[in-house]
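Below is a structural report on one protein model.

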Amino acid sequence: MSPVALSAVVVAMVAMLTGSARADERAVIDQVVLEPAALGGQRLRVFVSTTNLQGQVLDLADLAVKLVVNGSKLDAPVAIGTYGPTQSDTAIVVVLQVSSDLGDVLPTITEALDTNVLGEANERTQIGVLTYGESVGAGKLGSLRAARAKVPTIQSDGSVGEPSLLDSLERALVMLKKAATKPEGRPLRKMIVIVGDGRDASNDRDRVIRLGKRADKAGVRIHTMGFSPKDVRRPLLLLGELSKQSLGTFRWVRGAKSDSWTPAFQQLAAELNKQTVITAFPANDADLSGAKVKVEIANRAVTYLNEGKVPAVSCNGAACDAGQYCAADRCVAPKPLDKRGILGWIVIIGGAIVGLLVVLGVIGFVMTKRQALASQVGVQDVPANLHVHGVVPPQAPSRPPKTIAFSSQPPAPGAAMPTAGAARLYVISGPYAGRELPLKHGFFIGKAAGCDLLIEDGFTSGHHAQFVMDGNGRVTLFDYGSTNGTFVNGQKITSLVLEHNSTIKIGSTELRFLAQ
C-alpha cells in the first residue's frame, strides 16, 4: 500500500473512532453517581468526556446541556463543572513499549508523560507503569509519587523481536480489576494509556476486539498514542481498534521530538482533568435507580457513543438512613437548628429587654448632656447631622451592577455598615457541613482568595454571591453574574431579601440563612 493510501487509512480510522464520518465531536459517559443530598433531595452526577476529531476537549460550560433519563428530559436544576477540582479517585495504567525501535525517543516520551500527565494529576490518583518489548515487565498500582520516581528511569530493553502488546494489555486489565479506593466504595475512574507502534507478536485481530470490549464492559477507557519511528502505519490500526472498542481516544504522534509528544500528552491530561461533570438535584421522590441516562448538547454535531445507567442511591456504596445525606464520604444527619427549651427562650428574651433598656438609658443620658452643653454656649438648635461619638448612621448600598471587576480582594462595601448581629449561615452540605458562620455586611462567597466563605468545588465562581445589610437589619443576597447561578428555596435569583430559614444553594454547597 502506498504512503498516501496508508495516510488515508489512518485518517479514516480516527474518524471511525468518533462513530460517524459526519460528526466531528463525540461524547462518552464514563460514570454515573447518585447520592442522597441535603433537604431530602438527591444529587445525580454524570461524568462525560467530550472531544473533537483532533482529540481536543470541548468546554460545555457555556453550552445548552440537558440530561435525558429514560427518554425524557430530567426536570431538575443542573450545574456544570470539571473533573479536576472534584478530587475524585482515578486509576491509570501506563503501558509503554521499550523495544529497541523506540529506544532513541524514550527519554522524550517519559519526560513529556511525567511533566504533562503525572504532574497534573491529583493525589488521589493511583498509577501503574508496565513496560513491554518481547516480554512484559513487572508493575503494580501505586502512589503518584512512586510513579513519578519510576518513569524517568525507564530505558529500552534492547529487544528486536515482535513486541507483546496484547499480553501487557491483559495484565493492565487485571491490575485495574484489583484497584480499590480509600475509603472503600468511592467511585473510581479507570483508564489505560498505551504508547507504542501498534505491533504485536500474536497479530490476532479477534483478540484485539475482545480485549477492547472487555475493557469497555469493565468501565476502562483505553487511550492510545501511536508512533512509528520507521513510518510503518498499518499497525497503528490495532491501537485505533482498541480505543474504538473501549470508547477511548487514539492520537497519532508523527514526530520524535518534544514538540510532537508534549501537545499529545497535554491533550490527554486535559481529557483527564477537564472532563465535564454534570450535577443535577432531582427531588427525593424521583425514582432514578436503574434508569438509562444520556447527555444532549444543543446546536452541536455530536455523536453520543453510549448511555449511562443510574445506580442505586448510596453514599460510597452504603445506603443512608432516612433523613441522612452524603457528605465527606459518609452518611450524616442534619444538625438540629435549635434545642432551646421554654426556659432558654425566656432567658434570651429577658436579656434582650434588659439590653434594650440599657441602650435607651445611654441614649437619654447622651441627649441630656448635649442639651445642657447647647444651653451653656447659647446655641438654640443642635445641628441635625451631629453624630454621637462619631458614629455614622448606616445607609443601604445601591444594588451592585451585574458585571463587576474585582482585584484580588473584594471592594469595601460602604461606610460603617452594621454587623449581622444574630444573622448567620448554617452549612447543610459541602466541605463545611455542620458549621455555623456569622454574617457581616459585604460577606462574600466564592472560590477567589479573600472570600469570607471559600468554596472550591468546580461549580462556584470566583466572586459568586454577596450578602448586603441595610440600616433596618434586612439582609439581601446578590448574585454577582456567576456561571452556575445562585438559588434560594429552589429558585434562581439575581437579588433577594432573605427571610429566616431560607435555603441557599451555591455550587454544590447548600446553606440555611438564620436571622434569629
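## Pocket and lining

Strand β2 gives the largest share of the lining of the largest pocket, 3 residues. This is a predicted model: local features need pLDDT of at least 70, side-chain atom pairs count only at pLDDT 80 or more, and totals for chains, interfaces and linings use all residues. Residues are numbered from 1 along each chain as its sequence is written, and side-chain values use heavy atoms, with hydrogens and water left out.

The volume of the largest pocket is about 700 Å³. Its lining has 26 residues, and Arg 43, Arg 45, Thr 86, Ala 328 and Asp 329 are the closest to the centre. β1 (25-36), β2 (42-52) and β15 (325-327) are the elements that give two or more residues to this lining. A pocket is an open set of points on a 1 Å grid over the protein atoms alone, where a 1.4 Å probe fits, with protein on both sides within 12 Å along at least five of seven lines; lining residues have an atom within 4 Å of a point. Grid points are joined across faces, edges and corners, and the volume is the space filled by probe spheres set on the points.

Thr 279 touches two of these residues, Arg 43 and Arg 45. Its other contacts include Leu 44, Pro 77, Val 78, Ala 79 and Phe 459, leaving out residues up to four places away in sequence. Contact means heavy atoms within 4.5 Å. Thr 279 sits in strand β11 (residues 276-280). Its relative accessibility is 1%, so Thr 279 counts as buried.

## Overall make-up

The protein has 8 helices and 27 strands. Helices (H or I, at least four residues) and strands (E, at least two) are DSSP runs, numbered from the N terminus. Of its 516 residues, 48% count as buried. Buried means under 20% relative accessible area, exposed over 50%, and partly exposed in between (1.4 Å probe, protein chains only). Among contacts between residues at least 6 apart in sequence, 67% join residues at least 24 apart. The protein exposes about 25,700 Å², and carbon and sulfur atoms supply 53% of that area. Areas come from the Shrake-Rupley method with a 1.4 Å probe; for residues, only the protein chains shown count as cover.

## Nonpolar cores

Which residues touch the most other members of the largest nonpolar core? They are Ile 109, Val 195, Met 225, Trp 261 and Phe 265, out of 37 residues. Two or more residues each come from β6 (89-97), α2 (106-116), β7 (125-132), α3 (144-150), β8 and α7 (258-273). α7 supplies the largest share, 6 residues. Domain 1 (21-83 + 277-332) and domain 2 (89-272) each contribute at least three residues to this core. These domain bounds come from an automatic or database domain assignment. A nonpolar core is a set of buried Ala, Val, Leu, Ile, Met, Phe, Trp, Tyr and Cys residues joined through side-chain atoms within 4.5 Å.

Val 195 touches Val 95, Leu 96, Gln 97, Ile 109, Tyr 132, Met 225, Trp 261 and Phe 265, not counting residues up to four places away in sequence. Another core, of 28 residues, lies apart from the largest one; Val 136, Ala 172, Ile 192 and Leu 239 are among its members.

The buried residues of α2 are Leu 106, Ile 109, Thr 110, Ala 112, Leu 113, Asp 114 and Asn 116. Their cover includes β6, α3, β8 and α7. Glu 111 also lies in α2, but at 56% relative accessibility it counts as exposed. Glu 111 and Trp 261 are 150 residues apart in sequence, yet 9.3 Å apart in space, C-alpha to C-alpha.

α6 is largely enclosed by the rest of the structure, because 9 of its 11 residues are buried. Among them are Leu 236, Leu 239, Glu 241 and Gln 245. Leu 247, with its positive phi, follows α6.

## Backbone exceptions

Most residues other than glycine have a negative phi, and most peptide bonds are trans.

The peptide bond from Lys 182 to Pro 183 is cis, with omega near -5°. Pro 183 is in the loop between α4 (165-177) and β8 (188-196).
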